[in-house]
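The following account leads the reader through a structure, from individual residues to the chain as a whole. Please keep the sequence and the coordinates at hand while reading.

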Amino acid sequence: MPSGDIDKIISEADHRMKKAIQVLRDEFLTVRTGRASTALVERVTVSYYGTQTPLNQLATISAPEPRMLTVQPYDKTVINEMEKAIMQSDLGITPSNDGNLIRLPIPPLTEERRKDLIKVVKHMAEESRVAIRNVRRDANEHLKALKKDKHMSEDEERRAEDEMQKKTDKYIEEIDHMLKQKETEIMEV
């Protein structure tokens, strides 16, 4: 029974750590680099018949060129609302609308904006590292409680804590790798 509890704690912690990595991956997609990415406009919401609706539910979004996004609305009557929502977002992109299609030219990033974006992604990465460490702390507390309740020996606790540390190190290393890639992506012209 005790080793099942230990495995359950470690498995749950691993699952939560993977989730933190996925959240970071998703957040990194929304950070604008010099390239067009449909993820840039995923968080933009449009007032559609009085309801705030994500842009990607109202239109086909594509990147036909490295520095251009296009938004093809399913319902052409909402194209002006879409354009307004994009203008009001914090993307810093000026859309152009020809009545059928919205074009979003992605301007090259200035050096100052690149440095600001790097600070943003470093902060995101640090928040993920903290989340991973919090998961490790929670798991270790559960392990200590099992030992205190005499459901495991000191050796089992030490082995389980070592395994948690290895998982923590692995995921922190993955965060560092993702951050390095994103920084490179931001800095390339």
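This is a predicted model: local features need pLDDT of at least 70, side-chain atom pairs count only at pLDDT 80 or more; totals for chains, interfaces and linings use all residues.

In which strand does Q52 lie? Q52 belongs to strand β2, where strands are DSSP runs of E with at least two residues, helices are runs of H or I with at least four residues, and both are numbered from the N terminus. Residues are numbered from 1 along each chain as its sequence is written, and side-chain values use heavy atoms, with hydrogens and water left out.

Strand β2 covers residues 51–54 and also holds T53. Is T53 buried or exposed? T53 is buried, with a relative accessible area of 10%; buried means under 20%, exposed over 50%, and partly exposed in between, with a 1.4 Å probe and protein chains only. Q52, by contrast, is exposed at a relative accessible area of 51%. The contacts of the two residues (heavy atoms within 4.5 Å) can be read together. When residues up to four places away in sequence are not counted, Q52 touches T45, V46 and S47. With neighbours within four places likewise set aside, T53 is in contact with V44, T45, V46, Y48 and L58.

The loop between β1 (45–48) and β2 contains Y49. The phi angle of Y49 is near 50 degrees, a positive value in a residue other than glycine. A search of the whole structure finds one aromatic pair. Y48 and Y49 form this pair, with an edge-to-face arrangement, 4.7 Å centre to centre and 65 degrees between the planes. For this assignment, rings of Phe, Tyr and Trp (its six-membered ring) pair if their centres lie within 6.5 Å; planes under 30 degrees apart count as stacked, over 60 as edge-to-face and the rest as tilted. As to accessibility, Y48 is partly exposed with a relative accessible area of 25%, while Y49 is exposed with 69%.

Two further loops deserve attention. P66 is found in the loop between β3 (59–65) and β4 (68–73), and P66 is exposed because its relative accessible area is 63%. Which residues does P66 touch, not counting residues up to four places away in sequence? P66 touches G34, R35 and A36. The C-alpha atoms of P66 and R35 are separated by 5.5 Å, although the two residues are 31 apart along the chain.

K150 has its place in the loop between α3 (111–148) and α4 (154–187). K150 is exposed, with a relative accessible area of 74%. Although K150 is not a glycine, its phi is positive, at about 65 degrees. K150 and R43 are 107 residues apart along the chain, and their C-alpha atoms are separated by 49 Å.

These elements can now be placed in the chain as a whole. The protein chain has four helices and six strands, which follow the pattern α-β-β-β-β-α-β-β-α-α along the sequence. Its C-alpha trace spans about 70 × 40 × 25 Å along the principal axes. The radius of gyration is 23 Å, whereas a compact globule of 189 residues would have a value near 16 Å; the radius is taken over C-alpha atoms, and the globule rule is 2.2 Å times the number of residues to the power 0.38.

Of the 189 residues, 39% count as buried. Among contacts between residues at least 6 apart in sequence, 63% join residues at least 24 apart.
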